[in-house]
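Me: I would like to go through the labels attached to this structure and ask, for each, what value stands behind it.

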Amino acid sequence: MIRTNKISRQCALCVLLTAGHITSCTQHPKEEPVRDAVKSKYCVAAYVWPSCHDDPVSRNALWTEGAGEWEVIRKGNPRFEGHYQPRQPLWGYEADDDPKVVERWIDAAEAHGIHVFIYDWYWYDGAPFLENALNNGFLKAENNRKMQFYIMWANHDVKRNYWNVHRYGDDTSLLWNAAVDWENYKIIVARIIRQYFSQPNYFKIDGEPVFSIFSVDKLLESFGGSTDEARKALDYFRDEVKKAGFPGLHIQWNQGGGALMSGTQADKFSEKVGAMGFNSVAMYNMGGIDEDYLVYGANSIRIRTQMDSILQIPLFPCVSIGWDDTPRFPAKGIRDVVHRNNTPQSFAMLLLKAKEYADSHPEQPPIITVNAWNEWVEGSYLLPDMKDGFGYLEAVKDVIVDGKYDKYMKKR
């Protein structure tokens, strides 16, 4: 599908090798180049879930042991024969707000063809939450200029037992409501522009900072359920970004997992995307979950095909590593877990399909998202562990950097 709302081809490549340095096509003209990155035509962006560190708010409200959500991850227990729980990180239970830890992340990511981290970002009760993984971990890492990053506003509610069932048991009452009023929204806008968009390695498309929104429904709720009011809020953000010296703001609708839609649902989705003026659509995970990873992947491709057919703006493909959130939910079992055929090789083939999709849309930047860099508690991570080692990172390198299978994919 060739979209009428095109992004210029000259800014489509994620990174270009120039005089020994890497210059991002999305880079603002006043910025210094991002240096020493592995050359790649594709922008592979991995989501970062910033829960594994201690801070006063999380210790008081959720994880009392001082290690963030590692407290829950370490308590994962097998629910059926062969169930891989608890997950065992190769590098141990490291704090994601430690710049030395993130320096190793960046080196490993960049060497295997991942050039962008998408940080989940939270705002509850008039204040940021879990922000220090980005502020202290990534932004204080000495090598962070190798890696670009952008923000996904994870504006979803949190029930008390969702992030620590061991503490709250059956208590499903709201710990945090993610809805914001205009006063808080304006504070958020100012904070994001000041702290993050100003960073020289913030990810941009055509010079515009990319800002992703996880829950459009919650955004609508924040502004009275009105698409017109939500559009006013997004346009306010755009105006403030322009005042800060950028050409505009690229606002991304994040569809979460996604699912096949009825005709009516598809029409409503497309109308909302257009009415609120979103610039692109991405997904947090690939949607269509099934016990069999191969079925999961096939479902995700059908979902992507449908979304592609109804959108007039870029859709960026997503590939997930797996799904297993049993550490959070004592009642879940074998039918709730991706546990068959989920291997680095199967992941590589889905990544190859995502690359094929990107190649078939030369009018848009070749961005591919991966769920995730470190979603240990949901069983979807690129970081090395004791079971698959560096297998998933090597899969990205094989497909994205080395083009290992490209010659077999060309049609005669």
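## Labels and the values behind them

Reply: To begin with one such label, in this predicted model helix α6 passes helix α8 in a right-handed crossing.

Me: What makes the crossing of α6 and α8 right-handed, and how is their packing described?

Reply: A crossing is right-handed if the near helix is turned clockwise from the far one by less than a right angle, and α6 passes α8 in that right-handed sense. The axes of α6 (residues 182-197) and α8 (residues 227-243) cross at roughly 35 degrees and come within 11 Å. On the α6 side the contact includes Trp-182, Tyr-185 and Phe-197, and on the α8 side it includes Leu-234, Tyr-236 and Phe-237. Sorted by class, this contact of α6 with α8 has eleven nonpolar and three charged residues, and no polar ones.

Me: Why is the pair of Trp-153 and Phe-211 called tilted?

Reply: Rings pair if their centres lie within 6.5 Å, and those of Trp-153 and Phe-211 are 6.4 Å apart, centre to centre. Planes under 30 degrees apart would count as stacked and planes over 60 as edge-to-face, and the angle here is 40 degrees, so the pair of Trp-153 and Phe-211 is tilted. By this rule the count comes to 44 aromatic pairs. The pair links distant parts of the chain, with Trp-153 in strand β6 (residues 148-153) and Phe-211 in strand β10 (residues 208-213), 58 residues apart. Both Trp-153 and Phe-211 are buried.

Me: How do you know that Arg-304 and Arg-328 lie over the faces of rings?

Reply: The distance part of the rule asks for CZ of Arg within 6 Å of the ring centre, and the rule also asks for a position within 35 degrees of the ring normal. Arg-304 is 5.4 Å from the ring centre of Tyr-357 and lies over its face, while Arg-328, at 4.8 Å from the ring centre, lies over the face of Tyr-162.

Me: Why is helix α12 described as largely enclosed by the rest of the structure?

Reply: Eight of the eleven residues of α12 (residues 391-401) are buried, so the helix is largely enclosed. Among the buried residues of α12 are Tyr-392, Leu-393, Asp-398 and Ile-400. These buried residues pack against β3 (43-48), α3 (99-111), α11 (344-359) and β14 (367-371). Just after α12, Gly-403 takes a positive phi of about 55 degrees.

Me: What residues make the contact between α11 and α12, and how do the two axes lie?

Reply: The axes of α11 and α12 come within 9 Å and cross at roughly 35 degrees, and the crossing is right-handed. The contact is made by Pro-344, Phe-347, Ala-348, Leu-351, Leu-352 and Lys-355 of α11 with Gly-391, Tyr-392, Ala-395, Val-396, Val-399 and Ile-400 of α12. By class, the contact of α11 with α12 has ten nonpolar residues, one polar and one charged.

Me: Why is Val-273 called buried, whereas Ser-262 is called partly exposed?

Reply: Buried means under 20% relative accessible area, and Val-273 has 5%, so Val-273 counts as buried. Partly exposed covers the range between that limit and 50%, and Ser-262, with a relative accessible area of 35%, therefore belongs there. Val-273 lies in helix α9, and Ser-262 lies in the loop between β11 (250-254) and α9 (263-275). Leaving aside neighbours within four places in sequence, Val-273 is in contact with Trp-253, Phe-278, Val-281, Leu-311 and Ile-313. Val-273 and Ile-313 are 40 residues apart in sequence and 8.9 Å apart in space, C-alpha to C-alpha.

Definitions and conventions. Residues numbered from 1 in each chain as written. Predicted model: local features only at pLDDT ≥ 70, side-chain atom pairs only at ≥ 80, totals over all residues. Heavy atoms only, no water. Axes fitted to C-alpha atoms, helices over the stretch in contact; angles between N-to-C directions. Helix = DSSP H or I, 4+ residues; strand = E, 2+ residues; numbered from the N terminus. Contact = heavy atoms within 4.5 Å. Nonpolar A, V, L, I, M, F, W, Y, C, P; charged D, E, K, R; others polar. Phe/Tyr/Trp six-rings, centres within 6.5 Å; stacked < 30°, edge-to-face > 60°. Buried < 20%, exposed > 50% of the residue type's maximum accessible area, 1.4 Å probe, protein only.
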